[in-house]
Each structure stands twice: as structure tokens, then as C-alpha cells.
Amino acid sequence: MLEETIVKDQTGEEDRNELSNVKQGAEVTRRNFLQYAIAATSGLAITSMLPPFALKTWAQQVAAPCPPGKPLQTIMEITSSSSTKTLQAVLKILDEKRTYLAPPNDGAAGVCVPNTGQMRYIAGYDPATPGKMWPTTTGVPSPAPTLRARVGDRVQITLLNHVNVKNFPGTLDVAENGQACDQNKSVGPGGTSVNTYPGDPSFEKPPNCFHGSSSTNLHFHGSHVSPSGISDNVLLNIRPAPRGTDGKPTVNEQNVKPIFDQIFKACASGKQPLLWTDWPPAWQEWQKKLLIAYDKTAPWKGQPGTLPHDQQLWVQNVNEMAHNQLPQYYIGAFPNCFNIPVWNGQKTSMGQAPGTHWYHGHKHGSTALNLANGMAGALIIEGDYDDKLNPFITKQRVLVLQQIGAVLPLLRSATGQKAFNTDLVYVNGQYTPVMQMNPNEMQLWRIVNACHQAAVPLDQPTGLKWVQTAQDGVQFDPSNYNPALTNAAFKVPAQSTPPFGSLAPGNRIDLLVLAPSTPGPYKVTFGGKLLFTVNVAQDTAVTPIASPMPFPTQAQFPAMPGFLADISFGDVKIRRELRFKSTADPTVAPAMGRGTNAPFPPPVHTIDGKQFDEGTIDHTMHLGATEEWTMYNDGGAAHPFHIHINPFQVVEIFDPAKSPNPVKLPRPWVWWDNFAIPKGGYFKMLTRFVDFTGMYVLHCHILGHEDRGMMQLVQVISNTTTMEHR
Amino acid sequence: MSIFKIQIKAGTPAVFDPNPLTAYPNDSVYWSNDDTVAHWPAPSAANPTGWLDYQIAPDSESSQISLDPPAPYTLNYICVLHPSETGQIKVVPVKSKTKKGPYGGKTKKGAFGRKTKKGAFGGKTKKGAYGGNTKKGPYGSYTK
């Protein structure tokens, strides 16, 4: 009972931060951690209680063979209430010192080095059960809690930014400390240094550089909801809450609740704040006070005091109010809310595709680091898809893949950047974990590639049998689902081919997976590297399954929702071409991806020849428009193209590495919201801009590219008016 | 690629904590100023912007530096604004249990030690990764 009470009381990050200078290992559970904390605060002599690593202020790093995987953990789910049809969650951006495995500097395979660093993460709980908080372990990587709702439900999220800015190098918003971009100087023996980021003179131009990583917002990737107001609005910037004299955040779930309850109530009836004056007066007053206080105290070029006028956040908010836009800057908290749309049956509309979606921080300049720290989780939206498939499986598995690191490659030392692109891929916060399956058992795996830059092209399995059922949270048309194609290469274009395939960064795939009858370990690999192991062994607590569970037949597979029927070429009125390109410094050294001479400039990433321009809307589409877009890759990696709000159908691919000619894909086309553009080639897609007007973005989902400019602003506008002209 | 914080704690003189800081090549370091006055760590008073372009205002944090190889070496630094405040960063090599190189020594026995000789999951590998069944192919043509 005592422990229950303590856990309930410990929903804050404050304690974690305060104690995070104690070295923590994977074996330290939250419960143990709390026991240590209790002893510490009660004045007990705790030396004998602490694990060995906690007795050292500095633990020696040893490059050693990577440890064997531990049993795969299941991410806690926050689900919508079946009675209120509402998903309510409190999500807190916290930080703590975490230990994680990294590759050695020489990149040797199979060798791991424990690294440590302060990392931001998303903790969360259902307000109906505040004592049940995720993550349940401290000091190790973990994804955010899984959110699970159903088409038609309401989603109401209290987002709290409780990052302690003092635990991170200066990286705050518009030019705090006089530096628009994060800075790194590489120091060698003798103390001499080179500015390796953003270079001196700078090779980066704000806002297209890493910056402001303690501020955030939430993107609901795969959701078909409004990009405006408090829905899937990624143009927002939520700064960390200031701290009181007690060291605790002054904006918290208790004091925002009365205000957010009003906002959520209005949201439930379809009302979104679209102007500053739409906010409850108490929220307007509070936020104005916090923003002005920040503007008066934030350091500028090392001097505390008033920021220059053009760097002040409140000034920017006032400017947006004058233009009838919802101001972007908030401090401490934000109410995210939307209703998951049910299709109304009209051809001019879509519903939300039930499937495997996800959410993550999406503030420009900080998406890569936030995801490297682990700020991402699955968003499962259920519907008929689940109703039809659940009878064929024993359980659904949510697998969130993350590339974990405390420092982004471009901000490492010049030598450390040789480890570029090699940060290890974790599964549910664990490196090469072991999943248990019973012989003959069928499961549905929902796999989210939440890596900030790594593709995870799954290799054909041995022993296991799997069939893909969905891509990017949109189910296959039954004719694209074929249980006879078990383990075969996925049907074009849903194929898994290095370097990018159906699991480029940002992609999701669903697989029906059948365990073999023969017990034993079965590896799941990508590009030959171990992702995790399936240990097929009978759980004695359940009844053995005598024979392999059957895959559903095509006839048993869920029917395609009407709004996901193929788009017609005949409806296309507008065609657009977008050209993605990475331009390397002429002195670029391929192994490093950067120039060889100080300050070692990295490639510049552009769309249509330019970097993201915050003052320019690059594409304007009419609401309801059907368009055909061709996405070219003129150089660099296979940039994964992602556009928010509306999915698209890939209809043609030109990949010069695979075919001398473009390939027109057979119908019915697969739906995507993220597709890696073949190097030197292109892909063509059809899409419809339906249901929602507003401003949002498209970008490369290699997030270091996005943060540094490979992004465009788009706007959907209504083509109807109430004006009469008779 | 760890990242370490050095706190600047108020006092006369103010102190850097930890001091010395021990880190590894390619790790990163930054300073968090908990004092009520500004501080400015630098390799020498004559080179104030050697590591940080600006002083660290009270109650705020610095940008970061990263530590190049080869190790070992020691970096001595001072506070430009208070020269009696000094600190050290010791950069030491990462120890390796793979003595003969990434695949030498113990690694030759396999990433998981001796067991790999038998196969990562025990003796079954000699019969095939998943035991004798693999030769037959538990699912016929699917395993080919």
C-alpha cells in the first residue's frame, strides 16, 4: 500500500531530475529507484542499498561484445474509454540521465559501448489512473506510451513540457544566448578548437539548423485531422515551464486542468481555437504573463535581460494575432484535441484509416534530437480492420523502433561523426530484445519506424511466416493481401529492399506473423543485423495450440473502406513536381558525409532548390482537390517524403538502380504517407486534399534533413465563398 | 558519445563540479551555471572564446564542446571572469574487451562469448540455426 501511494505521488519528473546524477542501469526498476529515494530522504545510510554503479560518480566505459537481449517489454497503453468514447492522456516531456548502448568509434559490428546523457522523453498516464505511469523504468531508453482509440473517438491530451533546461546545452528557441543554432566546438589535445557546428563562419542559416530542442509540440503522424488549432498543428512551439523557488514546474496538470477542461469540452463539439481570443481568458492572461516574463529574462549573448525586440516570443504572438492567425508560442502546457473522423460516405471526403499511426515531437530544428532522445510513441486507431483480423490472432504487438542517442551526429566531434548513421536501433526501448511466442501462434505485429534517420528494411524471415496487411496505417486492399505470398518479397511497392523499403524512417507496417511449430530462437533481422529474436517456447500458463493458426483468406480479409478506393487519374486537375536534393561540400569525405576542411560543412538539403522559408507558403491547394505529384530525388539519400494530414497512393516508381525504365504500379494502389524517393529517380502519387483547410508541412523524414531545411509549407484553402455577384 | 554536465556552483570562489571531469574521446561537455553571477570557462584568459562564444549568464547553460581523440590528455580551463576558478577535463581511452581488435580476442569466440562456438543459442546451430528441422525446412519451400 505504501508503495502504491508513493508511486502515485511520484508522477513528477522533479525527483528524477534531482536524482539523475546517480548512475542508473537497465536493471534499476522504478520501484527500486523509489526505494533508494525513500531511504535517501529519510536519512538512512543508503550505501549498502545502492547498486554498485551508483557508488561511483564516474563509470568506466568499456567496449565489449553487445550483451544478449532481455525479454521484450510491452509498452503501456492508454486507451479510450468505452463509455465516453474519449481517449484522455496526460503526456509530460521530462528528462533524465539515461544509459544506452552505442556502437564503438571504429563501428565494429557486435561491439557496444555504454553511453550516458541527459535525454528528453515522453512520460504519460491516463488521468483516470494517475498512479499508473509510463515508463516504469528509469535511466534507460523508452518510447512514449502507446495511445489506442477507435475511429469516431475523441482524443484529449494534456501536453506538459517539464524539461529542465539546465540539463541541456543552450538550445532555446529564437536566439537565446545569442546563438540561433546549437553550437559545438570540437576540442582536441592542447585545448585548441574548431567550430564544427554550425561552423565559423556558419554553414547553417536559421531556422534551418538544430535549435530549440527543449521546446516541442505533438505531431500525430498518419492522422486525418485538422492541421490547425489544437489538432495536428506542428507550427506550435511549447517552451518548457519555468520553475518555482521549489524547483518544480509552475505549469502543471493540476493548475491547467480547469482551463483545459473548458477547451476539451468545446473541442468535443467540434470547436477549435483558431484565434488568440478563442482561448479562455484565464489562459490568455496566464500565457501572456509567462511569455513576457521569458522575454524579459532570457539571456542574450550571455547577458540576462530583455531580448532584442525581434527575438521576443510575445512580440511574435502579437504579430500573428494582427494577421488573424493562432499564435504559435506557449509556455509549459498545451491542450491537444481532435475527434477521429468517421467517413461521411461522400466522395469529396475521407475518414480516418484505422491502423498503426504514431506521434512525436515536431518542432522545426528539434525533431531529430527529440526522436533520438526517444520522444515518440505509437498511436493505434482501431476500426473494422481490427474487428476482422482479431479473431485470427492471439494478440497485437506494438513494436516501436528507435535510434537512440544523446547527441546528434552533426554535433559530435569531427572524429565522432564517423559513427554517422550507425546509432543502434532499439525495439520498445531495448536493444535486440527477445520476444516470446507459443508454437503455432499467430500475432499481428504493428511496427513503427520511429528512427530519426535509419531505415529498417526487414530481411525475409526463417521459420517465422509473415504476411503484410497494412502500410503506413492503411490496410491493404484485399486483393493486395495474399497469404500465399508468405515471406515472399512484399508486393511492389510495399517491398522491403535496402537501403529503403517499406520501413524507411516514418513508415509503419503491419504483419500477421505465425510462429513455427518447432520451439527455438528465430531471428528477425534487417540488412543482416539483428533487430530482435523470437523465442518460440510454450508458455505453460496457456493452452498449447495444436496446429498452425490459419491466416485469413482474401475473402476473410477486411474490406477496403469506401474512401480508400483508388483515386482516379480523371479527377486530377493539378500536377506538381518537387525536387529533393542534397548538395555536398566539394571537399566532402564520403565516410564522414562532411567536408574535409574545418568547419567540415555537411551537405545542404533542399526542395526545389531552396531550404525551408518560414515566410513562404510553397504550395496552395484547393480544398477537395485531387492532384498528381511527382517527387524527384536529385541527389543524396533516398529521402523519405512525408506530407501531413492526407495519405497518398503511389502509382509509378522510377528507381534507376533497379530498372532502366519507370514502373507503372498495378491497381489497387497501396496507400502511404511516407515514401522513400529512389536515388536518382522519382515516384509519382495521387492524393486528395479533403476535409481540412489550413497550413501544414511536407518534408524529408530523415529528420536531420528536415530540421536543416528539407521542408516546405503547404496550405489548403477553401474554394467556396458566401459572396454573391449577381 | 556521452554528454556530460559540469555544474558551476556558487561560492567564493565558485566551483566546477565534477572537477576533474573524466570523459572519453568523442564525448561532449557543457556547463550549467547555478551561480547568481556569470562565469566563462575557457582554455586561457587570453582566449575567452576558445570554447564558448559567450559568458554563461546566471541560471543558464552553455553551448557544448566535444572532445577529439587521441586520448589520453587533460584539458585545463579557467573562468575568464574569475581566474582563480579552475577546472580540469581528463580524456581517457575507452577500454576494450576485444583486445585483438573488434573481432579479435573474445570476439573471435562470438559476440556472446564462448556460446557462439556452439551457436549463439547453444548447440543447435551445428545442426542448423534452428535445429535439425531446418534441414528439412519446417515449412517446406518457404525456408528455401
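This is a predicted model: local features need pLDDT of at least 70, side-chain atom pairs count only at pLDDT 80 or more; totals for chains, interfaces and linings use all residues.
Helices (H or I, at least four residues) and strands (E, at least two) are DSSP runs, numbered from the N terminus.

Figure 1. Chain B has 144 residues, and 40% of them count as buried. Take the contacts in chain B with a separation of 6 or more: 52% of them link residues 24 or more positions apart.

Figure 2. For the complex, the predictor gives an ipTM of 0.86 and a pTM of 0.88. For chain B, the mean pLDDT is 75, with 68% of the residues at 70 or more. Residues 100-144 of chain B are the stretch to watch, with pLDDT below 50. Even there, the model has 72 contacts for this stretch beyond near neighbours in sequence.

**Figure 3. A mixed, open sheet in chain B.** Here four strands line up in the order β3-β8-β7-β5, with mixed pairing. The edges belong to β3 (21-23) and β5 (41-42). Each of these has a single partner strand, so one side of each goes without a neighbour in the sheet. As a reminder, strands of a sheet pair through backbone hydrogen bonds, either parallel or antiparallel. Zoom in on β7 (residues 73-79) and β8 (residues 82-91) of chain B and you have an antiparallel pair joined over seven bridges. One pair to pick out is B:Tyr73, which stands opposite B:Val91 in β8(B).

**Figure 4. Strand β14 of chain A and its partners.** This strand covers residues 376-382 of chain A, and six of its seven residues are buried, so the rest of the structure largely encloses it. What does β14(A) pair with in the parallel sense? That would be strand β5 (residues 146-150) of chain A, over four bridges. A:Arg150 has A:Glu382 as its bridge partner in β14(A). Strand β13 (residues 355-360) of chain A also pairs with β14(A), but this time the two run antiparallel, joined by six bridges. For A:His360, the bridge partner in β14(A) is A:Ala376.

**Figure 5. Helix α5 of chain A, a helix with two sides.** Helix α5 takes in residues 281-297 of chain A, 17 residues in total. The buried residues are A:Trp283, A:Trp286, A:Gln287, A:Leu290, A:Leu291, A:Tyr294 and A:Asp295. They fall on the same side of α5(A), because they cover an arc of only 165° around the axis. An α-helix has 3.6 residues a turn, so residues three or four places apart point the same way. Those buried residues pack against β10 (237-239), α4 (253-268), α6 (313-322) and β11 (329-331) of chain A. On the other side, A:Pro281, A:Ala282, A:Glu285 and A:Lys289 are exposed.

**Figure 6. A:Ser568, out in a loop.** Look for A:Ser568 between β23 (529-536) and β24 (574-583) of chain A. Is this residue buried or exposed? A:Ser568 is exposed, because it has 10 other C-beta atoms within 10 Å, and 12 or fewer is the cut-off for that label. From A:Ser568 to A:Pro439 is 129 residues in sequence and 45 Å in space, C-alpha to C-alpha.

Technical notes
Residues are numbered from 1 along each chain as its sequence is written. Chains are lettered from A and ligands numbered from 1 in the order in which they are written. A residue is buried if 20 or more other C-beta atoms lie within 10 Å of its own, exposed if 12 or fewer, and partly exposed in between; C-beta atoms are placed from the backbone. Two strands pair if DSSP finds at least two bridges between them. Two residues are in contact if their C-beta atoms, placed from the backbone, lie within 7 Å. The expected span of a helix is 1.5 Å times one less than its number of residues. The arc is that of the directions from the helix axis to the C-beta atoms. pLDDT is the predictor's confidence in each residue, from 0 to 100.
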